[in-house]
Amino acid sequence: SGGNCTRFGIFSLFYGIYGSYWFNVLGERRSPVMMDVLQKLGYKFKIYAAVKLSFPEFNKTCFVNVPRKDIYDEPKATDKVGKDKEITGEFRKFLSERDKKKPYFAFLFFDAAHGNYASPKNLRKFKPAAQSFNYLTLNKKKVLPVFNKFKNAIHFYDSLVGDIVKDVEKSGEMENTIIVVTGDHGEPFFEKGYHGHNQAYSEEEIKVSMVMHVPGKKHKVYSNFTSHFDVSTTILK
């Protein structure tokens, strides 16, 4: 990731530059080159977020030129699990109804693994898992149930992504669709003596998983150093 927090992690993913440029870009309301190019090519944008994109101000940076009608960031659900399910459902609905003759770019921004780590009861695979916890009293001896709570939230994400991939496969569009699955930052659980992101630049905070499906490319595991700075240029190539 290009950052250890949401603001800079997402920023580097879309712009391919360091997070320190955020403030200048925000002030100028400048769209990412990748988004500008796709817009010129006639791509339809569909942005789905479980949280409002006004903080951090992605509506004034990454998606500043995306029409408001194509941004869904105020889900009706009241909890994290419900909101993530809702935006997934809205995107799947778009997939089933869209004009396949026109290209599209979609972004889904989940929230269940952020903060208190939420997941549906039927997907709580990792045990023992905490029901709730106190940030102030959490320590290395008490962290395992909290870590499992986090992993259950990630497992929930996996089910949502799996449903989307199945839909793309059924539509027959896997061979002309690039899919990127990644995170904006990591989450330490006392591996370096502390819990939570936006604190340091340890590997637990900035090393994130990334899976890409690129039509025409065979399966391969890359163990060399890569960066979110490369994602937008890789997609445009």
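**View 1. Surroundings of T61 in the predicted model.** T61 touches Y15, W22, V25, L26, R30, S31 and P32, leaving aside residues up to four places away in sequence; contact means heavy atoms within 4.5 Å. T61 sits in the loop between strand 1 (44-49) and strand 2 (71-72). Helices (H or I, at least four residues) and strands (E, at least two) are DSSP runs, numbered from the N terminus. With 0% relative accessibility, T61 is buried. Buried means under 20% relative accessible area, exposed over 50%, partly exposed in between (1.4 Å probe, protein chains only). A polar atom of the T61 side chain lies 2.9 Å from the backbone oxygen of E57. This is a predicted model: local features need pLDDT of at least 70, side-chain atom pairs count only at pLDDT 80 or more, and totals for chains, interfaces and linings use all residues. Residues are numbered from 1 along each chain as its sequence is written, and side-chain values use heavy atoms, with hydrogens and water left out.

**View 2. The buried face of helix 3 (residues 33-40).** M34, M35 and L38 are buried. Seen down the helix axis, the buried residues fall within an arc of 95°, so they line one face of helix 3. The arc is taken from the directions from the helix axis to the C-beta atoms. These buried residues pack against helix 1 (6-15), strand 1, strand 3 (104-109) and helix 7. The face turned away from the buried side carries the exposed residues V33 and K40. G42 follows helix 3, with a positive phi near 85°.

**View 3. Two cis peptide bonds.** One joins F55 and P56, with omega about -5°. P56 lies in the loop between strand 1 and strand 2. Another joins K127 and P128, with omega about 0°. P128 is in the loop between strand 3 and helix 5 (144-171). Most residues other than glycine have a negative phi, and most peptide bonds are trans.

**View 4. Positive phi at R29 and Y117.** R29 is not a glycine, yet its phi is positive, about 50°. R29 is found in the loop between helix 2 (22-28) and helix 3. R29 is partly exposed, with a relative accessible area of 40%. Y117, also a residue other than glycine, has a positive phi near 60°. Y117 lies in the loop between strand 3 and helix 5. Y117 is buried, at a relative accessible area of 1%.

Key. A polar contact is a pair of N or O atoms within 3.5 Å; within protein, one must be able to donate a hydrogen and the other to accept it, and residues adjacent in sequence count only if both atoms are side-chain atoms.
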